[in-house]
Structures are given as C-alpha cells and as structure tokens.
Amino acid sequence: RAFHSSPDWMSISLLSDGRYIDVNNTFLDMTGYSRQEVIGKTAIDLGIWAFTEERDRMVKWIAEDSEIRNQEVTFRMKDGRELTMLWSSDRISFDDETCILSVTRDITERKRAEAELAAEKERLAVTLRSIGDGVITTGTDGHVVLMNRAAEALTGWTQADACGKPLQEVFHLLDVSTGQRAESPLSKVLVSEETVGLEDSTMLVSLDGTERIIADSGASIRDAENRIIEIGRAAVRERV
C-alpha cells in the first residue's frame, strides 16, 4: 500500500538484468507507460534513461555500495519529455532475487526556478555594476549584503571584504560642520515608508582616508507582504 500510494516514483527491478518486477502508480502516471508495457522490460528497453552512461554508473555504484542517495539524473518520458530527477536506490532481496528498489522525485520545476533565479541575480548584478552611483544594500541587521563597483570605488572596500560587516564600518560618514560621526540613514529607513536622504554637509571617509562630500539616499526593500527584507540600496554620489 505504501509503495503504490507514494507521491514519488518507485520501482523494483532485477539487479542482474534491470528488468522491472513492479512499479507504482506514480511511475506509470509520470512516464505515461502502462503496467503491461513496463513489467518485464528494462529502463533501457523503454528509453527511460536519457543518458545510458548515467544508468551504467548508478548500477555499478549500487552493486558495490548497496545504496545510492539523491543522485541527480535525467529521465525521458514516453512522450519524449526529459525531467530532472533525484534518484535514490537500495539493494534488496525480493522473491529470492537481488533487486534494486528505486525512489525517484521530480525536481524539474525546482531546477527551472533555480536557473531563473540565478539568471535574475546575474541581470541584477550586471545592472548594478553599470550604475554610475554607488549602491550599498544591507540586511535588516545593518550588515552589508551587496555593493556595486561605484560603491567600492567611493568607500575603498571591495564587495568581498565589506560583505557581512556593519554598514557604519564600511560607510564612514562625518558631519562636515561638526567633524563628528554623522548618523547613518539606516535607523530612519527602518521606520520610514519613503526614501531617506542625508544632510547636505555629509562627508564620506574612504578606507584610505580620502574625504568626499556626498549626496546619498536610502530606502527599505520590502517583500510582497510589505515586510522589510533589506535596507539601503543607498545611491551615493560625490558632490561636485
């Protein structure tokens, strides 16, 4: 009952020649094959493995180690669709035969979402690198998450060195009129619904001691439920 009701694709096949002894309903629903088409056939007969070398490698591993856990493989359905799957298998004894019990989970949509997210991050990174103003983003705890190249040039910090450090350490501000440490816009941004700007007399002191009078603004970054997830995206430019 557990075998046939599992939401994952499950199968039992002979280790010796790979012939299917049994498959569950999810296997049939996903692949598009009928039970009559599957039982007694092999995955190679059905063309299920998109890359037969993957199958050969997995069978060798399970013959040597008796189990495989969460290996990413590509399976081909009856209609020609190729899905990315996580494949786990155990060597078992079934009706006095040495068999492979396989559990397979479809991760195609997850992989597609990961690829789309990676592409979106790359587009964002390219956009930020091309912006002439310095851009710094922090988490709600005030630690730097991201900097673009212009911000690196203005502060003297690299993205790698600044990441995880408090904004006040990287974004060293002075009040020109008093010479005292200027307030970071971070606390104001946390309670403001609008963009927050610095005073006109604010100076940025870079890592090497270079002093620049700057214009700056900061705003909160909110999720779909209007919760603050990041702070800043501060646009910084040197006043001329």
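**Close-up views of a predicted model**

**View 1. Strand β1 and its side chains.** Strand β1, residues 9-14, is mostly covered, with six of its six residues buried. The structure shown here and in the other views is a predicted model. In a regular strand the side chains alternate between the two faces of the sheet. In β1, Trp 9, Ser 11 and Ser 13 point one way, while Met 10, Ile 12 and Leu 14 point the other way, and all are buried.

**View 2. The partners of β1.** Strands of a sheet pair through backbone hydrogen bonds, either parallel or antiparallel. With strand β5 (residues 97-106), β1 pairs in the antiparallel sense over six bridges. Leu 14 has Cys 99 as its bridge partner in β5. Cys 99 counts as buried because its relative accessibility is 0%, and buried means under 20%. β1 also runs antiparallel to β2, and three bridges join the two strands. Here Ser 13 has Tyr 20 of β2 as its bridge partner. β1 and β2 form a hairpin with five residues between them. In the turn, Gly 18 has a positive phi of about 80 degrees.

**View 3. The surroundings of Asn 24.** Asn 24 lies in the loop between β2 (20-23) and α2 (25-31). Its relative accessible area is 0%, so Asn 24 is buried. A polar atom of the Asn 24 side chain lies 3.0 Å from the backbone oxygen of Phe 3. Leaving aside residues up to four places away in sequence, Asn 24 touches Phe 3, His 4, Ser 6, Asp 8, Trp 9, Met 10 and Arg 35. Trp 9 and Met 10 belong to β1, where they point opposite ways.

**View 4. The five-stranded sheet.** The strands form an open sheet in the order β2-β1-β5-β4-β3, with antiparallel pairing. β2 and β3 stand at the edges with a single partner strand each, so one side of each has no neighbour in the sheet. On average, neighbouring strands of this sheet are turned by 30 degrees against each other, direction ignored. β4 and β5 run antiparallel and are joined by ten bridges. Met 85 stands opposite Asp 106 in β5.

**View 5. Helices on the sheet.** Helix α5 packs on the sheet and touches β3, β4 and β5. The direction of α5 makes about 165 degrees with that of β3. Helix α6, residues 108-130, also packs on the sheet, touching β3, β4 and β5. The direction of α6 makes about 140 degrees with that of β4.

**View 6. Nonpolar cores.** In soluble globular proteins, nonpolar side chains tend to be buried together. The largest nonpolar core of this model has 21 residues. Those with the most contacts inside it are Tyr 20, Phe 27, Val 38, Ile 48 and Phe 75. The elements giving two or more residues to this core are β2, α2, α4 (43-46), α5 (52-65), β3 (67-76) and β4 (82-94). Another core, of 14 residues, lies apart from it and includes Met 147, Ala 162, Leu 167 and Phe 171. Not counting residues up to four places away in sequence, the contacts of Phe 75 include Trp 9, Ile 48, Trp 49, Leu 83, Met 85, Trp 87 and Thr 104.

**View 7. Cysteines.** Zero disulfides are found in a search of the whole structure. Cys 99 is buried, with 0% relative accessibility, whereas Cys 163 is partly exposed, with a relative accessible area of 42%.

How values were computed:
Residues are numbered from 1 along each chain as its sequence is written. This is a predicted model: local features need pLDDT of at least 70, side-chain atom pairs count only at pLDDT 80 or more; totals for chains, interfaces and linings use all residues. Side-chain values use heavy atoms; hydrogens and water are left out. Helices (H or I, at least four residues) and strands (E, at least two) are DSSP runs, numbered from the N terminus. Buried means under 20% relative accessible area, exposed over 50%, partly exposed in between (1.4 Å probe, protein chains only). A polar contact is a pair of N or O atoms within 3.5 Å; within protein, one must be able to donate a hydrogen and the other to accept it, and residues adjacent in sequence count only if both atoms are side-chain atoms. Contact means heavy atoms within 4.5 Å. A disulfide is a pair of cysteine sulfur atoms within 2.5 Å. Two strands pair if DSSP finds at least two bridges between them. A nonpolar core is a set of buried Ala, Val, Leu, Ile, Met, Phe, Trp, Tyr and Cys residues joined through side-chain atoms within 4.5 Å. Axes are lines fitted to C-alpha atoms, for helices over the stretch in contact, and angles run from 0 to 180 degrees between N-to-C directions.
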